[in-house]
Amino acid sequence: MNRLIVGNQAPAFTLLNQQENPISLSDFRGKKVLVYFYPKALTPGCTSQACGLRDSKSELDELGLVILGISPDMPKKLAQFIEKKALNFTLLSDPDHQVAEMFGVWGEKKFMGKTYDGIHRVSFLIDENGKIIHVFDKFKTTEHHQVIVDYLRSL
């Protein structure tokens, strides 16, 4: 797992969103984008992380940030997640984890004594020119949104 770091150019990608429409990172050129990777829709940690971003959305909008959540879930599951939790940002489906691998967040994980491959919970802040300006990898899911807001306010 070779995770991208600050200063790297974010890889170009196109994935289907919750409505099965193709969304490309290049669609947001000229804006700051938070690309956040999460393991699975509608699980407790992923839900608290997403709901924190949902509740901070107006503040994040004021700070000029676009949010793109990426998981291996299929678009139908993403649509359920958005509907059940009233999420107000775009979720993208990466079922073959190609984009997760490009960002270096797909790899070995351990849970309850089992080892398996999966997505590591990491967020990348990408500037208006497509360059990674910050990597968030040490946070509690319940505090993720505040870490992002605090960082953006410090810029």
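A residue counts as exposed when its relative accessible area is over 50%, and as buried when that area is under 20%. In this predicted model, methionine 112 has a relative accessibility of 72% and therefore counts as exposed. Methionine 112 is placed in the loop between β6 (106-111) and β7 (114-119). Together with Phe111 and Tyr116, Met112 makes a nonpolar surface patch of about 380 Å².

The phi angle of alanine 86 is positive, near 50°, in a residue other than glycine. Alanine 86 follows helix α3. A positive phi of about 50° is also found at histidine 97, which is not a glycine either. Histidine 97 is located in the loop between β5 and α4 (98-103).

Helix α3 itself has a buried side, to which Pro75, Leu78, Phe81 and Ile82 belong. These residues cover an arc of only 115° around the axis, and therefore they lie on the same side of α3. Their cover includes β1 (14-17), α1, β4 and β5. On the face turned away from this buried side, α3 carries the exposed residues Lys76, Glu83 and Lys84.

In helix α5 (residues 144-154), the buried residues are His144, His145, Ile148, Val149 and Leu152. Viewed down the axis of α5, they fall within an arc of 130°, so they line one face of the helix. The helices are α1 (44-55) and α2 (57-62). The strands are β3 (32-37), β4 (65-71), β8 (123-126) and β9 (132-136).

An unreviewed UniProt entry lists Cys46 under "active site". Which residues does cysteine 46 touch, leaving aside those up to four places away in sequence? The contacts are with Tyr38, Pro39, Lys40, Phe81 and Arg121. One of these, Phe81, is among the buried residues of α3. Is cysteine 46 buried or exposed? Its relative accessible area is 1%, which is under the 20% limit, so cysteine 46 is buried.

Technical notes:
Residues are numbered from 1 along each chain as its sequence is written. This is a predicted model: local features need pLDDT of at least 70, side-chain atom pairs count only at pLDDT 80 or more; totals for chains, interfaces and linings use all residues. Side-chain values use heavy atoms; hydrogens and water are left out. Buried means under 20% relative accessible area, exposed over 50%, partly exposed in between (1.4 Å probe, protein chains only). Helices (H or I, at least four residues) and strands (E, at least two) are DSSP runs, numbered from the N terminus. The arc is that of the directions from the helix axis to the C-beta atoms. Contact means heavy atoms within 4.5 Å. UniProt positions are given in the numbering used here, feature names are shortened, and annotations may be inferred rather than shown by experiment. Patches are made of residues with over 30% relative accessible area and no salt bridge: like charges are joined within 9 Å, nonpolar side chains (Val, Leu, Ile, Met, Phe, Trp, Tyr) within 5 Å. Accessible areas come from the Shrake-Rupley method with a 1.4 Å probe; for residues, only the protein chains shown count as cover. A salt bridge is a side-chain nitrogen of Lys or Arg within 4 Å of a carboxyl oxygen of Asp or Glu.
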